[in-house]
Amino acid sequence: MDRKQYSEHSVELLAPAGDLARAKTAIRFGADAVYLGGQHYSLRSRASNFTMDDIREACAFARDHHASIHVTVNEIPHEEDFEGLEDYLIQLQDVGVRAIIVASPSIMALSKRVAPRLEVHCSTQLSVTNSAAAHYLVHSARVDRVVLARECTLDDVRVITASCPVPTEAFIHGGMCVNYSGRCTLSNRMTLRDANRGGCAQSCRWSYRLMEGKACLSDGHPLMTMGSKDLMAAEEIEQLIAAGVASFKIEGRMKTEYYVAGIVSAYRHLIDEILNSDRPLPRQRLAYHTGEILKTVNRETCPGFYQGVEGAGIITHPMNNDSVNHSFLGTVTSYDPEKHIAWIETRNPFDAGDRVEIMAAGADNQSFVLEELFDENGIPVGYSRVPMAAIGIRIPFAVHPGDYLRRDE
């Protein structure tokens with residue numbers, strides 16, 4: 001898919017990637033830029049498995065598709081964390097990384113000195129919720145982009161962006177935090193894993209009972225969490241575009257390749273329709289795009305703080321099996337154009353007679369009814385029940401490896 005058509009748009013769609021395959025998937029499905037982490041200096045150390053060779057390949061792939069790569073260097077460093085950092089920043093610059101995402105002023109200053117071609121984007125951890133903070137970071141830390149805190153309201157975004165000397169970036173989808181912009185030590189206290197140095201155990205999402213001494217006050221009630229519902233800002237996109245936000249960021253470097261493809265594709269289509277229209281998006285079209293986004297999510301969603309401070313409704317409840325998303329059915333591994341049969345590596349169960357759709361990079365989803373299924377030996381079967389099995393399906397149009405099969409709901 002040629003991404004050049006999107007490079008001229010007024011906003012950037014910035015997607016997460018936990019490995020090289022997900023980085024390429026994000027770009028193929030419509031991301032203008034991808035952010036990822038190396039094996040050090042990043043807050044998502046469990047998702048940050050990019051070697052320098054991987055980052056180099058991601059940059060080359062991005063260039064070929066008119067996209068760019070941003071790298072997280074956003075841990076809160078202690079004295080020992082600076083060992084090797086200077087060389088690392090120089091390597092990132094040399095392999096073609098466009099920008100680094102940074103939470104520490106010391107790393108910002110170091111990057112400007114040793115790798116001046118790297119753009120420096122301040123991390124959301126700096127909790128920029130006012131224009132004075134944005135101006136300070138631009139003039140004192142020389143940042144090239146201000147990433148706004150997820151705790152900003154739409155009014156905050158408008159005011160900060162209007163006066164900010166550099167482009168602003170705002171989150172539109174993904175995990176929120178129990179504290180301001182990731183400034184949390186729950187994981188440190190409860191698991192000895194430092195949330196601000198790459199080891200967050202997401203303790204806020206655990207299930208808790210309310211206790212007073214040894215007495216449980218929550219018996220007979222659902223278990224509690226401290227975690228927020230995920231941000232889903234589809235309804236706010238038009239207002240964010242009107243406010244002049246330069247980049248829309250999706251959270252989720254721990255997410256699957258299918259999730260990255262589905263979320264990026266859905267927001268890509270939503271943003272493009274808004275940008276290509278000369279009038280506000282009709283409610284039915286917004287409802288359609290919101291539905292496409294919700295086909296991929298596995299957690300409850302909310303508009304975050306964009307509409308103002310939320311109450312208890314923003315807190316998520318422990319998830320049960322009823323709320324798990326089972327729409328992802330499998331990935332196309334090959335296609336026989338003469339027999340019109342696609343081979344699928346399966347995920348969730350499906351049956352002959354189900355209505356399904358193909359999600360392909362750079363294209364609208366195409367739906368059809370599953371009429372014929374075959375096992376790996378070519379024998380007709382009526383259903384698929386085993387994950388990671390090879391199942392053939394007859395399909396009325398051409399598909400490609402890497403396309404996704406999912407329920408049409």
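These legends describe close-up views of a predicted model.

In this predicted model, local features need pLDDT of at least 70 and side-chain atom pairs count only at pLDDT 80 or more, while totals for chains, interfaces and linings use all residues. Residues are numbered from 1 along each chain as its sequence is written, and side-chain values use heavy atoms, with hydrogens and water left out.

**View 1. Helix H2 packs with helix H10.**
Two packed helices are described by the angle between their axes and the distance between the axes. Helices (DSSP runs of H or I, at least four residues) and strands (runs of E, at least two) are numbered from the N terminus. Axes are lines fitted to C-alpha atoms, for helices over the stretch in contact, and angles run from 0 to 180 degrees between N-to-C directions. H2 (residues 20–28) and H10 (residues 257–275) lie with their axes 9 Å apart, at an angle of about 20°. That makes H2 roughly parallel to H10 (angles under 35 degrees; over 145 is roughly antiparallel, 65 to 115 roughly perpendicular and the rest oblique). Ala 21, Arg 22, Thr 25 and Ala 26 in H2 meet Glu 257, Val 260, Ala 261 and Val 264 in H10, where contact means heavy atoms within 4.5 Å. These residues comprise five nonpolar, one polar and two charged (Ala, Val, Leu, Ile, Met, Phe, Trp, Tyr, Cys and Pro count as nonpolar, Asp, Glu, Lys and Arg as charged, and the others, Gly among them, as polar).

**View 2. Helix H3 has buried residues.**
H3 (residues 52–64) has 13 residues and reaches 19 Å from its first C-alpha to its last, close to the 18 Å expected at 1.5 Å a residue (1.5 Å times one less than the number of residues). Its buried residues are Met 52, Ile 55, Ala 58, Cys 59, Phe 61 and Ala 62 (buried means under 20% relative accessible area, exposed over 50%, partly exposed in between, with a 1.4 Å probe and protein chains only). They pack against H2, strand S2 (33–37), strand S3 (68–73) and helix H4 (85–95). Just after H3, His 66 takes a positive phi of about 60°.

**View 3. Helices H3 and H4 cross at roughly 30°.**
Their axes come within 9 Å. That makes H3 roughly parallel to H4. Met 52, Ile 55, Arg 56, Cys 59 and Arg 63 of H3 make the contact with Tyr 88, Gln 91, Leu 92 and Val 95 of H4.

**View 4. His 135 lies in helix H6 (residues 131–140).**
His 135 is partly exposed, with a relative accessible area of 28%. Leaving aside neighbours within four places in sequence, His 135 is in contact with Ser 163, Cys 164 and Pro 165.
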